[in-house]
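Trainee: I have a structure open on my screen and I would like to learn how to read it. Could you go through it with me, feature by feature?

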Amino acid sequence: MFLLLCGTVILLASCSVTPYSDSEFMMDTQCVITVYKKSDLEKLDAVFEALRDFEKKTDRYEEGSEVSLINRYAGISPVRVSEDVFSLIAKAKEMCSFTCGAFNPLLGRISDMWNFNSSDHHIPSSAELACIVLAASDISSLVLDEEKLTVYLASDSLSLDLGGIAKGYASTLAASMLENMGIERAIINLGGNVYAVGSRSPSEGWRIGLQDPQGGGGSYFTVVNACDEAVVTSGAYQRYFISDGVAYHHILDPSTGYPADSDLESVSVISSDGTLADALSTALFVMGSVKAESFCSLHGIKAVLLSESGEISYIGFDSAES
């Protein structure tokens, strides 16, 4: 048996399966694609090229990217974007409404205040956050024109941040490309945001271990099966800083602008739609265990919730799976 470490998930596979992998650093993480025919390796160049192009258009810190232009012209004018970026932004807006604001793509300016991507962290005051939180709470401020393919932020207080959904969209894009190339089995790992293409065998899906937040990088607290599905995990343990003995994690509650006060340790969503899985893993964490479980049951979402007390909830699984 071999273990392929995937950040928040661990792929468990039989030793009879020979993996062939290629990787690149992009989207601020190590991206690895694994195939199971050596002849398929050469096909991965086109997939990585598409992912690089996608990153160039959606990275809000990249000067000249479509998302950075949307933010630059916030409160000034609409910006025309490519079809895939428009589709992603439309999905982000849809997910905000679907989750009643628990997922919100308009928190870029608030995230920048916290400065999680630097060692020079800042804890904003409630007064600093108030106006932006209020502006971001109105998702109608994200104005989309499908006919013209334009995106407009109606307030200059807002900044579009697709970090909580872009990797899920990218993984689904990559999976679609692989399938169109005739690749029947593959694992796409975008820094722990995983899409399992096909199945490990005709009778069994890929076995994926969910990382134990309290253990080392190779330990997992449970295993899920995935076949043509994304497995995406969000947790407070993934990125945080400590100030005066208090830990501040990067998953922000859109209603306050502060790290979500959640009783969950991690949330994993399993779905054939990687974009949905990415956004929902964040939203469910923000909701907390009671609301998250109710939401998943109501909407038929397949998820694993790990509480701070160590309780594991399997939602949407067949009894044989959990």
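Predicted model: local features only at pLDDT ≥ 70, side-chain atom pairs only at ≥ 80, totals over all residues.

Trainee: How many helices and strands does the chain have?

Mentor: Helices (H or I, at least four residues) and strands (E, at least two) are DSSP runs, numbered from the N terminus. Here the chain has eight helices and 17 strands.

Trainee: What does the radius of gyration say about the chain?

Mentor: The radius of gyration is taken over C-alpha atoms, and the globule rule is 2.2 Å times the number of residues to the power 0.38. For 322 residues that rule gives 20 Å, and the chain comes to 19 Å, so it is as compact as a globular protein of that length. Along the principal axes, the C-alpha atoms fill a box of roughly 55 × 45 × 40 Å.

Trainee: What share of the residues is buried?

Mentor: Buried means under 20% relative accessible area, exposed means over 50%, and partly exposed is in between (1.4 Å probe, protein chains only). In this chain, 52% of the 322 residues are buried.

Trainee: Where does Ser141 lie?

Mentor: Ser141 is in the loop between helix 5 (126-136) and strand 6 (142-145). Although it sits in a loop, Ser141 is buried, at 11% relative accessibility. Not counting residues up to four places away in sequence, Ser141 touches Ala135, Tyr152, Leu153, Ala154 and Leu158. From Ser141 to Val269 there are 128 residues in sequence and 28 Å in space, C-alpha to C-alpha.

Trainee: How many disulfides does the structure hold?

Mentor: A disulfide is a covalent bond between the sulfur atoms of two cysteines. The cut-off used here is a pair of cysteine sulfur atoms within 2.5 Å. The structure holds zero disulfides. Cys96, for one, is in no disulfide, and the nearest cysteine sulfur, that of Cys100, is 9.1 Å away. Cys96 is buried at 4% relative accessibility, and Cys31 is buried at 0%.

Trainee: How many aromatic pairs are there?

Mentor: Rings of Phe, Tyr and Trp (its six-membered ring) pair if their centres lie within 6.5 Å; planes under 30 degrees apart count as stacked, over 60 as edge-to-face and the rest as tilted. By this rule there are ten aromatic pairs. One of them is the edge-to-face pair of Phe98 and Phe295, with 5.1 Å centre to centre and 65° between the planes. Phe98 lies in helix 3 (residues 83-98) and Phe295 in helix 8 (residues 289-299), so this pair ties together parts that are 197 residues apart in sequence. Phe98 is partly exposed at 28%, whereas Phe295 is buried at 10%. For a stacked pair, look at Phe241 and Tyr248, with 5.4 Å centre to centre and 25° between the planes.

Trainee: What should I know about phi?

Mentor: Most residues other than glycine have a negative phi. Asn115 has a positive phi, near 60°, and is found in the loop between helix 4 (108-114) and helix 5. Asp228 also has a positive phi, of about 50°, and is found in the loop between strand 11 (220-226) and strand 12 (229-235). Asn115 is partly exposed at 25% relative accessibility, and Asp228 is partly exposed at 33%.

Methods
Residues numbered from 1 in each chain as written. Heavy atoms only, no water. Contact = heavy atoms within 4.5 Å.
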